[in-house]
Amino acid sequence: MNRPIRSYVLRQGRTTPAQTRALEQLYPKYGIAFSDQKIISARPLVLEIGSGMGETTVEIAKAHPEVDFIAAEVHGPGVGSLLNRIEAGRLANVRVVRHDAVDVLEHMVADGSLAAIHLFFPDPWPKKRHHKRRLVQPAFAALAARKLAPGGILHAATDWPDYADRMQEVFSREASLEKADSGLAEKPVTKFEARGKRLGHPIRELFYKRRP
Ligand SMILES: C[S@@+](CC[C@H](N)C(=O)[O-])C[C@H]1O[C@@H](n2cnc3c(N)ncnc32)[C@H](O)[C@@H]1O
């Protein structure tokens with residue numbers, strides 16, 4: 001069987017009772033099942049790829065009630081945690097898809113529809129033999145650019161210098177993207193960013209926008 005290379009390996013780890021409850025009771029409320037149906041919003045729409053535990057997702061959504069956010073994440077405990085945060089914050093502008101974000105982009109997002117894509121601290125896959133698992137590849141850049149609205153922002157961050165260099169190279173080579181100065185939202189310090197900082201890693205943030 002010809003399986004595509006995924007950017008993650010599913011290690012679910014421990015799911016707390018609160019996360020399990022959230023997956024059972026809150027996913028029907030805030031989750032969207034993966035399908036071929038396109039997500040439609042009359043308001044600006046942002047897709048976050050790999051929302052982790054969801055602290056940053058919720059912080060940004062609170063600061064931008066005029067924007068709708070879709071968080072795509074494969075890690076069950078992370079999805080449960082985000083669902084609990086959405087419920088606690090009574091947020092009406094966040095929905096979650098527990099599925100591979102590349103499939104979500106491809107199948108659930110209409111071309112030219114996103115105000116922004118947030119890609120904060122994607123798995124770095126630091127070993128050279130694992131670089132093929134990195135999410136940011138030319139095909140991803142082309143897909144992301146196609147889904148952005150003209151002027152829509154691709155906002156990425158990483159604490160791995162060689163991955164930041166590679167992202168810059170890949171995004172710069174994508175003809176329909178150009179450099180931008182800032183994002184739709186300010187990025188708060190994420191969980192993995194804090195971890196990177198503790199390890200002394202430099203943090204790089206990249207902004208590209210879809211050409212008109
Ligand atoms: C290093 S963590 C960063 C989490 C969060 N953005 C932060 O900065 O704290 C990367 C996350 O991306 C998720 N992930 C990796 N590949 C993914 C994919 N193709 N679709 C959805 N989630 C993915 C992983 O499960 C993990 O939670």
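**The ligand shell and the sheet of a predicted model**

Of the 23 residues around the ligand, those that come nearest are G50, G52, A101, F121 and T190, where a residue is near a molecule if its C-beta atom, placed from the backbone, lies within 6 Å of it. Two elements, α5 (101–108) and α8 (191–198), each give two or more residues to this shell, and the largest share, three residues, comes from α8. By type, the shell holds 11 nonpolar, seven polar and five charged residues; here Ala, Val, Leu, Ile, Met, Phe, Trp, Tyr, Cys and Pro count as nonpolar, Asp, Glu, Lys and Arg as charged, and the others, Gly among them, as polar.

This is a predicted model, in which local features need pLDDT of at least 70 and side-chain atom pairs count only at pLDDT 80 or more, while totals for chains, interfaces and linings use all residues. Residues are numbered from 1 along each chain as its sequence is written.

The protein chain has eight helices and seven strands, which are DSSP runs numbered from the N terminus (helices are H or I with at least four residues, strands E with at least two). Seven strands form an open sheet with mixed pairing, in the order β3-β2-β1-β4-β5-β7-β6, and two strands pair if DSSP finds at least two bridges between them. Because β3 (94–97) and β6 (177–179) stand at the edges with a single partner strand each, one side of each is left without a neighbour in the sheet. Within the sheet, strand β5 (residues 148–158) runs antiparallel to strand β7 (residues 204–210), and six bridges join them; A157, for example, has E205 in β7 as its bridge partner.

R90 lies in the loop between α4 (76–88) and β3, whereas F121 lies in the loop between β4 (114–120) and α6 (138–147). Are these residues buried or exposed? A residue is buried if 20 or more other C-beta atoms lie within 10 Å of its own, exposed if 12 or fewer, and partly exposed in between, with C-beta atoms placed from the backbone. R90 has 7 other C-beta atoms within 10 Å and is therefore exposed, whereas F121 has 23 and is therefore buried.

For the whole protein chain, 42% of the 212 residues count as buried, and the C-alpha atoms fill a box of roughly 45 × 40 × 40 Å, taken along the principal axes.
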